[in-house]
Amino acid sequence: MKKEDWKALLKKCFGKEKDDRLHAIAMLIIWGIFIAIVILMIRLSPSRETSSNNSTTPDNNNQVETTPNTGGIINNEETPSTPTESFEVNFSYIYTVTNNGVQEVITGKKIDEKEIFTIITKEGSNSYAKLSSNYLQKENGEYHIVESPSSNLVYCDVDDISYLTEVGTLTTNGNVYTYQVPVIQIVKLYNPTFDTTTIDTNLKDTITLTTENGTLKTIKANYNNYLTTVSGHLSTLTVEMEFSQVGTTENFEITLGN
């Protein structure tokens, strides 16, 4: 387009005798360019997690760049914009435990000391709740106290995993934190009466944490060496935990039966 044509177009868009239609189109284009520039600046600005990693001094082995919050392993730095209730612990989850090839999927939500969840196996599914240390099963819309519905639940306790990460050796790769945990420590946690004097102190299992914007998103634990040690024969045990709605999970009620 020639220079004279541009001037004529600008007069129609912004001049005293402007064309209303062309003026509206021009304003939309200008606002579109402005919004695109703002979005680009936000995306190019350093993230909070990156800034945190850059400010942490690595150790002499260059293994540890930063340490996630394991004192409260579910760490939500984002506060809901319009919170209606406040809880110390608040998240939804999907846990997948594969014990010697047998898989259980546990999906639920946890708020402070109460929890509702469903255990899904190849035989079907059942609904449960947990109040403090008590398990309840849902029947006809009400919950009744039962024994622990699965032996695999012990491996899904976030506080226990937090402890194991504290006694493990950490290496990092961006937002992925990998802990090498001595098997003897895992045995002491889950099998406190087991004789640990014969366990090789160099034997380790792996726990991997992934974060997103400072919030824990996944945990993956490989406990093959642990289960082989306590069972006395070659065994496999993996735990995969996915977290969502951290800090924003809606409250729920647990109706107890008579």
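Guide: A helix crossing is called right-handed if the near helix is turned clockwise from the far one by less than a right angle, and left-handed if anticlockwise. The crossing of α5 and α6 is right-handed; helices (H or I, at least four residues) and strands (E, at least two) are DSSP runs, numbered from the N terminus. This is a predicted model, where local features need pLDDT of at least 70 and side-chain atom pairs pLDDT 80 or more, while totals for chains, interfaces and linings use all residues. Residues are numbered from 1 along each chain as its sequence is written, and side-chain values use heavy atoms, without hydrogens and water.

Helix α5 covers residues 183-190 and α6 covers 224-231; their axes come within 9 Å and cross at roughly 60 degrees (axes are lines fitted to C-alpha atoms over the stretch in contact, with angles from 0 to 180 degrees between N-to-C directions). From α5, the residues making the contact are V183, I186, V187 and Y190, and from α6 they are N225, Y226, T229 and V230 (contact means heavy atoms within 4.5 Å).

Now let us turn to E104, which sits in strand β2, residues 102-111. E104 is buried but has no salt bridge, and K122, the nearest side chain of opposite charge, is 11 Å away. Buried means under 20% relative accessible area, exposed over 50%, and partly exposed in between, with a 1.4 Å probe and protein chains only. A salt bridge needs a side-chain nitrogen of Lys or Arg within 4 Å of a carboxyl oxygen of Asp or Glu; Lys and Arg count as positive, Asp and Glu as negative, and His and the chain ends are not counted. The E104 side chain does make a polar contact of 3.3 Å with the side chain of N152 (a pair of N or O atoms within 3.5 Å, one able to donate a hydrogen and the other to accept it; residues adjacent in sequence count only if both atoms are side-chain atoms). Beyond four places in sequence, E104 also touches other residues, including Y95, V97, I120 and S150.

L153 lies in the loop between β6 (142-146) and α4 (158-166). L153 and E104 are 49 residues apart along the chain, with 9.8 Å between their C-alpha atoms. L153 counts as buried because its relative accessibility is 12%. Leaving out residues up to four places away in sequence, L153 touches I106, F117, Y135 and S148.
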